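This briefing is for a reader new to the structure.

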Amino acid sequence: MLEECIFCRIIAGKIPADVVYADDQVFAFKDINPAAPVHILLIPREHLATFNDFEPRHKELIGHIALVLKKIAADQGLAEKGYRVLVNCGPESGQVVYHLHYHLLGGRPLGALLP
Ligand code: AMP
Ligand code: ZN
């Protein structure tokens, strides 16, 4: 764990969070400033700063993340209605927290992402 990382501190239980899913590889909790009725952040337990830090050794983790996102979306009642999975990577994306995280958004029409 990275002592100064807010999401590592959430995993360690040092900062409270509304946890919706946890296993040996990943951790998911509600976003503190939700942009939609459902706004969940899914993070790997391993501290990776950004999407750029994925390496071939993470192949299994990457697949696991996809399956857990799908399960959480279904648990939240979004499977049929639809939802969005989004990752910000680096300054021009607007990434604020440098512990890789997947946003899971849904519960309202989300609008077009691309102009
Ligand atoms: P990003 O801009 O992709 O780095 O997104 C960071 C997200 O983390 C934002 O949506 C914040 O609302 C969220 N966030 C920051 N601190 C916390 C926290 N302590 N608990 C839950 N979500 C948080
Ligand atoms: Zn971290």
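This is a predicted model: local features need pLDDT of at least 70, side-chain atom pairs count only at pLDDT 80 or more; totals for chains, interfaces and linings use all residues.

**Surroundings of ligand 1**
- The elements that contribute two or more residues to the shell around ligand 1 are helix 1 (6-11) and strand 2 (26-30).
- Helix 1 provides the largest share of that shell, with three residues.
- The shell around ligand 1 holds 16 residues, and the closest are D31, N88, V96, H101 and H103.
- By type, the shell residues are eight nonpolar, six polar and two charged.

**Polar contacts and cover**
- N88 places a polar side-chain atom 2.9 Å from an oxygen atom of ligand 1.
- H103 also has a polar side-chain atom by an oxygen atom of ligand 1, at 2.8 Å.
- At V96 the contact uses the backbone: a polar backbone atom of V96 is 2.7 Å from an oxygen atom of ligand 1.
- On its own, ligand 1 has 510 Å² of accessible area, and the protein covers 83% of this.

**Aromatic rings**
- The whole structure contains three aromatic pairs.
- One of the aromatic pairs is F7 with F29, which counts as edge-to-face because the ring planes stand at 75 degrees, over the cut-off of 60, with the ring centres 5.3 Å apart.
- F7 belongs to helix 1 and F29 to strand 2, so their pair ties together parts 22 residues apart in sequence.

Technical notes
Residues are numbered from 1 along each chain as its sequence is written. Chains are lettered from A and ligands numbered from 1 in the order in which they are written. Side-chain values use heavy atoms; hydrogens and water are left out. A residue is near a molecule or strand if one of its heavy atoms lies within 4 Å of it. A polar contact is a pair of N or O atoms within 3.5 Å; within protein, one must be able to donate a hydrogen and the other to accept it, and residues adjacent in sequence count only if both atoms are side-chain atoms. Accessible areas come from the Shrake-Rupley method with a 1.4 Å probe; for residues, only the protein chains shown count as cover. Helices (H or I, at least four residues) and strands (E, at least two) are DSSP runs, numbered from the N terminus. Ala, Val, Leu, Ile, Met, Phe, Trp, Tyr, Cys and Pro count as nonpolar, Asp, Glu, Lys and Arg as charged, and the others, Gly among them, as polar. Rings of Phe, Tyr and Trp (its six-membered ring) pair if their centres lie within 6.5 Å; planes under 30 degrees apart count as stacked, over 60 as edge-to-face and the rest as tilted.
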